[in-house]
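Thanks for coming. I will go through one structure today, starting with how its parts sit against each other.

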Amino acid sequence: TRTPVNVTVTGAAGQIGYALLFRIASGHLLGADVPVSLRLLEIPQGLKAAEGTAMELDDAAFPLLRGIEITDDPNTAFDGANVALLVGARPRTKGMERGDLLEANGGIFKPQGKAINDHAADDIKVLVVGNPANTNALIAQSAAPDVPADRFTAMTRLDHNRAIAQLAKRTGAQVSDIKRLTIWGNHSATQYPDIFHAEVAGKNAAEVVNDEQWLADTFIPTVAKRGAAIIEARGASSAASAASAALDHVHTWVNGTADGDWTSMGIVSDGSYGVPAGLISSFPVTTENGSFEIVQGLEINEFSRPRIDASVQELAEERDAVRALGLI
Ligand code: NAX
């Protein structure tokens, strides 16, 4: 029998954690034949609720679930971790400035990055979900100098999936007919969902839509502000869809993109497409055998260029702010 893969989930008692853990345990993260062992990291106030979730995981009798450990110590949580899903973060509360938010999250992601550096398995793969996801990933990555930088990624897959859903609705296509969509930049309201290289049932998506006004005034803001629309409708922020996107992100990273398609991931820039090297920005990527490459050679038109640049500029400002705070 296979050795279980150690999967660490932070913020395990939160609403994304609740939606995520049962699907990891049922094989949707790594595959239906891969046993998993879960480590749940919470802050002390969250431990009791995490224990409740662990009781329910026991009660589901998942054949692939080989163990659950609950702790408030990052060094224990990341010991031998093969996959780490960093979901727990400090949300923005009333009156909090951006600097306060970055500082509070630095207090979480810097020690977690160090614990990953010191204790995780050599093949560790990290996905940061907790916001501000790209910059939290940058903080964790900077605190882990012994881990290859490309093992730290930030989640823009929810934005990617939201964009596919909106494009499918507009064109009357099935989501499975949509390929090669790209989210560029930051997981924030400045993100740029790009359909110029996308395909709808094999045809160029921008040509099928043929309406730049719709792109600028409807599609882009609908995708970028979807999180706020969910809060407005549901009275709580996206949880099951965020968990689903986290599973998709890791599953694609480990198992590969389909031929002729790509996905969107927040990854450390190598300078491609004018994104300053070192920023964690979303790119079109293909994956194979557990590693990924940025799709090269895409022509960036004059509709896309300023939108990519604006989101990347925001990332550079966040990086400068956390640098000034001594967090990277
Ligand atoms: P919840 O507030 O329900 O849960 C967060 C959990 O994290 C809590 O149980 C809390 O005790 C725990 N926590 C806080 N600090 C911790 C620490 N230092 N170590 C371990 N656990 C810690 O939030 P939830 O709705 O689950 O959202 C989690 C994060 O995902 C938020 O930052 C949210 O903004 C972010 N999101 C990111 C998305 C993305 O696409 N990248 C989309 C969905 C979501 O908004």
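The centres of domain 1 and domain 2, taken over C-alpha atoms, are 23 Å apart. Domain 1 covers 5-154 and domain 2 covers 157-318, with bounds that come from an automatic or database domain assignment. To the contact, domain 1 brings 31 residues and domain 2 brings 33 residues, where contact means heavy atoms within 4.5 Å.

Before going on, a word on the basis. This is a predicted model, in which local features need pLDDT of at least 70 and side-chain atom pairs count only at pLDDT 80 or more, while totals for chains, interfaces and linings use all residues. Residues are numbered from 1 along each chain as its sequence is written, and side-chain values use heavy atoms, with hydrogens and water left out.

Now the interface itself. The size of an interface is often given as the accessible area lost when the parts come together. Here about 2400 Å² is buried between domain 1 and domain 2, and carbon and sulfur atoms give 64% of that; buried area is the accessible area (1.4 Å probe) that two parts lose on being put together, summed over both. Of the area that domain 1 buries against domain 2, 24% comes from Gln15, Lys125 and Asn134, more than from any other three residues.

Nine residue pairs are in polar contact across the interface of domain 1 and domain 2, both residues at pLDDT 80 or more. A polar contact is a pair of N or O atoms within 3.5 Å; within protein, one must be able to donate a hydrogen and the other to accept it, and residues adjacent in sequence count only if both atoms are side-chain atoms.

On the side of domain 1 that touches domain 2, the elements supplying at least two residues each include helix H1 (15-25), helix H4 (98-119) and strand E5 (125-128). H1 gives the most, with six residues. Helices (H or I, at least four residues) and strands (E, at least two) are DSSP runs, numbered from the N terminus.

**Local points**

In the loop between E5 and H5 sits Pro132. A cis peptide bond joins Pro132 to Asn131, with omega about -5°.

Ala201 is not a glycine, yet its phi is positive, about 45°. Its place is the loop between strand E10 (199-200) and strand E11 (203-204).

The structure as a whole holds five salt bridges. One of them pairs Arg162 with Asp159, with the closest N and O atoms 3.7 Å apart. Arg162 and Asp159 are separated by about one helical turn, because they are three residues apart in helix H6 (residues 157-171).

How values were computed: A salt bridge is a side-chain nitrogen of Lys or Arg within 4 Å of a carboxyl oxygen of Asp or Glu.
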